[in-house]
Amino acid sequence: MSDQSVQPQRRRLVGAALAAAGASSFLAGCATEQQAPAVVTRKLGRVLVVGGGYGGATAAKYLKKWGGDAIDVMLVERERAFVSCPLSNLVLGGHRKIEDLTMSYDGLRRAGILTMNDEVLSIDAAKRTVAFQKLATQTFDRIVVAPGIDFNFGAVQGLNADAQKRILHAWKAGPQTVELRRQLEAMPDGGVFAITIPEAPYRCPPGPYERASVVAGYLKANKPRSKVLILDANQDVTSKGPLFKRVWNEQYKGILEYRAQHKVTAVDAKAGVIKFDVQEDVKAQVLNVLPPMRAGAIAVQTGLNNLGSNRWCGVNYLNFESTVAKDVHVLGDSIQIAPAMPKSGHMANSHGKVAAAAIVAELSGWPINPAPMLTNTCYSFIDPKMAIHVASVHEYVAAEKTFKTVAGSGGVSTGPTELEGVYALSWASNIWADSLS
Ligand SMILES: Cc1cc2nc3c(=O)[nH]c(=O)nc-3n(C[C@H](O)[C@H](O)[C@H](O)COP(=O)(O)OP(=O)(O)OC[C@H]3O[C@@H](n4cnc5c(N)ncnc54)[C@H](O)[C@@H]3O)c2cc1C
């Protein structure tokens with residue numbers, strides 16, 4: 001590795017704010033920055049990361065950690081702060097505030113990553129340029145596209161822009177989470193909370209069942225004549241099925257009802273009615289419809305969504321490079337998953353590390369790791385204190401060019417415990433620290 005070693009590059013940055021933001025050769029054309037490298041040694045390249053969620057933030061952090069001054073890293077996120085979806089169901093139960101799940105990007109700035117609050121409007125993969133809403137156009141050597149998911153609202157008749165103001169998904173933590181909590185608080189005792197689940201794959205397989213359980217806990221304690229209805233397009237509960245069913249039977253009998261094979265076809269927002277592919281209309285006071293999901297809009301707009309009926313982005317699992325665009329890496333919820341790979345924050349964090357290591361290696365001219373591993377743990381709260389988990393380890397199988405779960409790895413809880421609730425909170429603190437600082 002000695003011939004690849006790089007001396008730290010010293011810079012004089014006129015703008016103190018940009019220095020704090022880790023400004024680098026990115027923005028070199030901007031009037032706000034003047035830079036004069038005192039020692040120009042070997043630069044390996046500039047990597048632009050789109051999306052500062054679990055995947056993108058982690059990739060940016062590890063690109064900088066492992067690439068050092070040789071790689072300029074710029075992270076662009078349209079929101080001002082990171083808001084965690086994991087634990088956001090606790091906001092619906094009234095056990096956390098959204099502020100508890102909201103974190104700044106200052107840790108990444110301190111680590112030397114140029115972290116900008118802006119929206120990426122377009123990516124030209126051939127010309128290696130990115131256009132933003134506010135910033136000047138930037139060039140890149142590699143780009144990491146990690147925009148999470150977006151929704152196919154058109155698949156649900158009647159779920160137009162107006163209806164979306166009342167019928168929320170709250171599947172991106174933030175204002176919708178807070179508003180859904182407000183709807184639950186306003187719901188009269190005796191009301192019905194209906195949550196619909198799209199066909200897999202969707203973001204966070206156990207998330208809807210966790211949500212239903214936590215909401216049932218809130219209603220049991222505060223509005224005991226109310227009901228939770230889970231209307232699932234899938235054949236059966238898609239994650240931790242026996243555990244969730246046991247909890248529902250033991251803890252929420254008479255409050256929570258699960259109905260499989262109910263695929264939403266239409267909603268009537270004014271009447272509070274959901275229609276399905278089976279002959280059964282459901283009327284509810286609070287409707288929480290999770291529409292079918294697909295890769296984040298910017299990935300689709302860039303034409304990276306080549307798989308899964310054009311919903312997801314195909315990647316080479318060794319380096320997360322798009323299978324349709326060279327030097328464009330896609331990770332997190334936007335990708336076409338390997339068998340048994342969940343769309344989760346933990347998994348996106350794992351993708352971020354594998355992709356970062358591969359990009360640093362490739363820019364350095366080193367071979368990439370031919371056998372990467374990924375891990376995943378998903379905790380689900382079933383009430384304010386108790387949680388259950390599912391865990392897995394995934395290895396790259398070269399012969400099949402995919403990840404597969406390692407036989408005998410991981411597993412599920414034997415049952416909900418308060419200790420697992422403590423572990424779940426620790427898991428969250430640890431992954432936030434790993435991704436954001
Ligand atoms: C209720 C709920 C509970 C969950 N619980 C868990 C859990 O317990 N454990 C777990 O591991 N996972 C959990 N998840 C899943 C987890 O949140 C996602 O899998 C994870 O966020 C995916 O990471 P990502 O980086 O792909 O996307 P995200 O984290 O959504 O990040 C994408 C980012 O890209 C930004 N962005 C998109 N487009 C642009 C653009 N054009 N310009 C600039 N920025 C852009 C977005 O603003 C966003 O910040 C849960 C999800 C939900 C909804």
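Me: Which residue just after H2 takes a positive phi?
Reply: This is a predicted model, in which local features need pLDDT of at least 70, side-chain atom pairs count only at pLDDT 80 or more, and totals for chains, interfaces and linings use all residues. Residues are numbered from 1 along each chain as its sequence is written, and side-chain values use heavy atoms, with hydrogens and water left out. Helices (H or I, at least four residues) and strands (E, at least two) are DSSP runs numbered from the N terminus. Just after H2, a positive phi of about 55° is taken by glycine 68.

Me: Why is H2 described as largely enclosed by the rest of the structure?
Reply: Buried means under 20% relative accessible area (1.4 Å probe, protein chains only). Among the buried residues of H2 are Tyr54, Gly55 and Lys61. H2 is largely enclosed because, of its 14 residues, the number buried is twelve.

Me: How far is an oxygen atom of the ligand from an N or O atom in the side chain of glutamate 77?
Reply: A polar contact is a pair of N or O atoms within 3.5 Å; within protein, one must be able to donate a hydrogen and the other to accept it, and residues adjacent in sequence count only if both atoms are side-chain atoms. For a polar backbone atom of glycine 55, the distance to a ligand oxygen is 2.8 Å. For the side chain of glutamate 77, the distance is 2.7 Å.

Me: Which element gives the most to the shell around the ligand?
Reply: Elements giving two or more residues to this shell include helix H2 (54–67) and strand E2 (71–77). The most, three residues, comes from H10.

Conventions
Buried means under 20% relative accessible area, exposed over 50%, partly exposed in between (1.4 Å probe, protein chains only).
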